[in-house]
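Let's take a walk through this complex together. Please have the sequence and the structure open as you read.

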Amino acid sequence: MGEEETSVQMEVARETWVTRMGFVFAVWGSMTGLGNVWNWPFKVSVLGGGPFVLIYLVMLALVGIPVVLTEFVLGSTFRRGFPGALKRIHPLGEFLGWFCLVNTAILTAFYTVLISYAAVYAGYAITGLALDGPMGPSMFTDQPGFFVNMLMSPVVLIGLIVIWIVVFMIDYFGTRGIERSVMILFPLMWIIIIFMAFFGLSQPGAAEGVNFYLDPAPEEFLNPQMWSTAVSLSFFKLSAGMGALTAYASYLPRRGEITNSAITTSLLDTTFAFTAGMAVFTIAATAGFLGSGGVGFAFVAWPGGMTIPGGNILGFVFFLMMVFLGVTSAISLVEAIVTAVMDKFGWPRSKTVIVITLILLLGGVPFTLWMELPDPAGAGDVVWGLYLLDIFDYYVENFGLVLVTLFMMIIMGWVWGGAKILDAANEAGDFQLPSWYKWVVKVISPIGIIIALSFIIINGFYAVGSIMELTAPIIWIAICVFLAAILWRMKGVD
Amino acid sequence: MGLMDILFGPYQRFGMRGGIVLLILVAIVGSIFAVWMMTIGVEIGAALSFILDLTLTYGLLVLFLYIMWYRRPK
């Protein structure tokens, strides 16, 4: 009875989003991260050009949006974070929920380090200062000297602390803090990316950049890699399997709309990535560094090309936008964990945010380590922080997120019921989803996730060349299972 | 009056179909832009892809935003 009362009190006291757009912008902020700039546009350019977007959107409708919708239904129906909501469907669901959030915690720990990289670049771009290190004093345009100096300097740790202070201040105020911050950052990021796209289109290399980005390559449509990438991108890009969408949806008012919100946020994310491609490729072509994407593009190729007139300002604006993109995603990841802990233990938000922030900040420190480590392959020395980040990123994203999303879809679609998902979505939807859509949620979307997982396995595991590379997956799975089991068995108030 | 009222208000006369009208408008604007891009050297394949992608991203986005605005509690 006592527990029931506590649960009812939590329900009554639960904060909610003030406006619907606040929720939509917050979800968009969560979905749209650094990969929108350095990953998605490059996949488009390599995997068929412009028509790839059509394939991607079809996969989004069949795989990605059903996942988003399911997470929204989970959060809004049970009004709990990921573990608390899944617990109400099946007792083992809570274990999956905590496994997900421990995985999310590791992801947040190294993701904030990447945001710190962007913050360091923005700082050095606008001040024009040189960073001293093993490669000698380097401006941010002196690449890869600046990047190496940064990795081998404590400046990343300082940046990490600053990023965590910002994230803490936003999450401390709950949905109000998140809503206010995204209401400012959302238009700001759009202004920056549209400005950069128009600036890029006004440059001499614009045509070359657009051709590189969008020129169709029909032969790619026979490439299985293109289809598997479209499938995996369609849910990787949408913050699925992190518990963030469930946490955000748990703060919706009763009968809050979710169907159109799931579609609109997914389209906002795709539209931003498409615009980012227009900006990045036209400027990159003008500066003469069209090539492959990834961390190397953002932190080596892009700043290296910023020797063009106005490069310092352009570099600053670009990295500032990266910081905003990263922070809006990071606050959602922290909120996923904070919501679950508050629900389970009944802690006040202030205490929860302080504890979680400190744990995640400390968890991120190993990913900033600036000491050199002899390369196991003998090709040259590597830096500890980036080395650890690279290994953990592989397992957390490729296996952690995919497995959590797959199991969540199975629990929701088959244990709880696809028809119930549809009913919950249609209850207050802007429009009604047809009854057959439940088969998309129950069958097609999970099959898409299994296909993505199969291709990850077929493409080969992380090359094991050292004891760290051998033990990292064991450490990762041990941390996730051990901590998830402890949190699952701990007595709470919910 | 919010930004969405200014943007979507004129299409209210079309009811729920206002979103389709906006989608077509985006495609038209994209086509004009693509023609301009061809004048600076963008190949026809890339220009057509641009129209397709702009319509599928911005066009569908405004369509669903319009529905959101149209269905708002009044």
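## A residue in its surroundings

Setting aside neighbours within four places in sequence, Val27(A) is in contact with Leu245(A), Tyr248(A), Ser261(A) and Thr265(A). This is a predicted model, so please read each contact as part of a prediction. To find the residue on your screen, look in helix α2 of chain A, which spans residues 20-31.

Is Val27(A) buried or exposed? Val27(A) counts as buried, because it has 29 C-beta neighbours inside 10 Å, and 20 or more are enough for that label.

Now turn to helix α7 (residues 91-127) and helix α9 (residues 155-172) of chain A, which pack with their axes 8 Å apart and at an angle of about 105°. The two helices, α7(A) and α9(A), are therefore roughly perpendicular to each other, as angles from 65 to 115 degrees count as such.

Which residues meet where α7(A) and α9(A) touch? From α7(A) come Thr112(A), Val113(A), Ile115(A), Ser116(A), Tyr117(A), Ala119(A) and Val120(A). Facing them from α9(A) are Val155(A), Val156(A), Gly159(A), Leu160(A), Val162(A), Ile163(A) and Trp164(A). By type, the residues of this contact comprise 11 nonpolar, 3 polar and no charged.

## An enclosed helix

Helix α15 of chain A (residues 295-304) is largely enclosed by the rest of the structure, since 7 of its 10 residues are buried. Those buried residues of α15(A) are Phe297(A), Ala298(A), Phe299(A), Ala301(A), Trp302(A), Pro303(A) and Gly304(A). They pack against α3 (35-38), α7, α8 (145-151) and α16 (311-345) of chain A.

## Where the chains meet

At the interface, 23 residues of chain A are in contact with 21 residues of chain B. On the chain A side, the elements that give two or more residues are α5 (51-78), α11 (206-214) and α14 (259-287). Helix α14(A) supplies the largest share, 8 residues. Sorted by type, that side of chain A has 14 nonpolar, 7 polar and 2 charged residues.

## How confident is the predictor?

For the complex, the predictor gives an ipTM of 0.96 and a pTM of 0.92. Chain B has a mean pLDDT of 93, with 99% of its residues at 70 or more.

Terms used
Residues are numbered from 1 along each chain as its sequence is written. Chains are lettered from A and ligands numbered from 1 in the order in which they are written. This is a predicted model: local features need pLDDT of at least 70, side-chain atom pairs count only at pLDDT 80 or more; totals for chains, interfaces and linings use all residues. pLDDT is the predictor's confidence in each residue, from 0 to 100. Helices (H or I, at least four residues) and strands (E, at least two) are DSSP runs, numbered from the N terminus. A residue is buried if 20 or more other C-beta atoms lie within 10 Å of its own, exposed if 12 or fewer, and partly exposed in between; C-beta atoms are placed from the backbone. Two residues are in contact if their C-beta atoms, placed from the backbone, lie within 7 Å. Axes are lines fitted to C-alpha atoms, for helices over the stretch in contact, and angles run from 0 to 180 degrees between N-to-C directions. Angles under 35 degrees count as roughly parallel, over 145 as roughly antiparallel, 65 to 115 as roughly perpendicular and the rest as oblique. Ala, Val, Leu, Ile, Met, Phe, Trp, Tyr, Cys and Pro count as nonpolar, Asp, Glu, Lys and Arg as charged, and the others, Gly among them, as polar.
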